[in-house]
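User: I am new to reading protein models, and I would like to work through this one with you step by step. Could we take it in questions and answers?

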Amino acid sequence: MRIDAIDKDTTDPSATSSFQRARALFGWLPNTIRVMARGSAAADVYLTAVELNSSGCLSTVERELVAVLTLDPGLRRAAERLLPLGMGTARERMAG
């Protein structure tokens, strides 16, 4: 089942608020936020988590590497295959 995204030009106040936050954080409006804004606080919770993560001491790349390292081993191997050749594994990059 696919959940339809809210139109980016909606006038719904709660969706508009989430859309403005997303644009301020990312510089654009991800479809994920357009779907999350449909009928729940999911978009706001997600955007708050992004804001909190951004205020930490890790760089964006380091945060992504931590996310990859904490994935299920099968998912981690799949994610590492998507990295450019010669970059090593996520674990090697975190150790280096």
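Analyst: Contact here means heavy atoms within 4.5 Å. Please also keep in mind that this is a predicted model.

User: Which residues does S18 touch, not counting residues up to four places away in sequence?

Analyst: S18 is found in helix α1, and its relative accessible area is 3%. Buried means under 20%, so S18 counts as buried. Leaving out residues up to four places away in sequence, the residues that S18 touches are I33, A43, D44 and L47.

User: How far apart in space are V45 and S18, C-alpha to C-alpha?

Analyst: V45 has its place in helix α3, whereas S18 is found in helix α1. V45 is exposed, with a relative accessible area of 57%, while S18 is buried. The two are 27 residues apart in sequence, and from C-alpha to C-alpha their distance in space is 9.9 Å.

User: Which element gives the largest share of the largest nonpolar core?

Analyst: The largest nonpolar core has nine residues, namely I6, A15, F19, A22, L29, I33, A37, A43 and L47. The elements that give two or more residues to this core are α1 and α3, the latter spanning 42-54. The largest share, three residues, comes from α1.

User: Is L25 buried, partly exposed or exposed?

Analyst: L25 is found in helix α1, which covers residues 13-26. Together with F26, W28 and Y46, L25 forms a nonpolar patch on the surface, and the four have about 380 Å² of accessible area together. Partly exposed lies between the limits of under 20% for buried and over 50% for exposed; because its relative accessible area is 31%, L25 is partly exposed.

User: Where do the buried residues of helix α4 lie around its axis, and which exposed residues are on the face turned away from its buried side?

Analyst: In helix α4, which covers residues 60-69, L65, V68 and L69 are buried. They cover an arc of only 95° around the axis, so they lie on the same side of α4. An α-helix has 3.6 residues a turn, so residues three or four places apart point the same way. The face of α4 turned away from the buried side carries the exposed residues T60 and E64.

Methods: Residues numbered from 1 in each chain as written. Predicted model: local features only at pLDDT ≥ 70, side-chain atom pairs only at ≥ 80, totals over all residues. Heavy atoms only, no water. Patch = residues over 30% accessible without salt bridge, like charges linked within 9 Å, V, L, I, M, F, W, Y side chains within 5 Å. Areas by Shrake-Rupley, 256 points an atom, 1.4 Å probe, with all protein chains shown as cover. Salt bridge = Lys/Arg side-chain N within 4 Å of Asp/Glu carboxyl O. Helix = DSSP H or I, 4+ residues; strand = E, 2+ residues; numbered from the N terminus. Buried < 20%, exposed > 50% of the residue type's maximum accessible area, 1.4 Å probe, protein only. Core = buried A, V, L, I, M, F, W, Y, C linked by side-chain atoms within 4.5 Å. Arc of directions from axis to C-beta.
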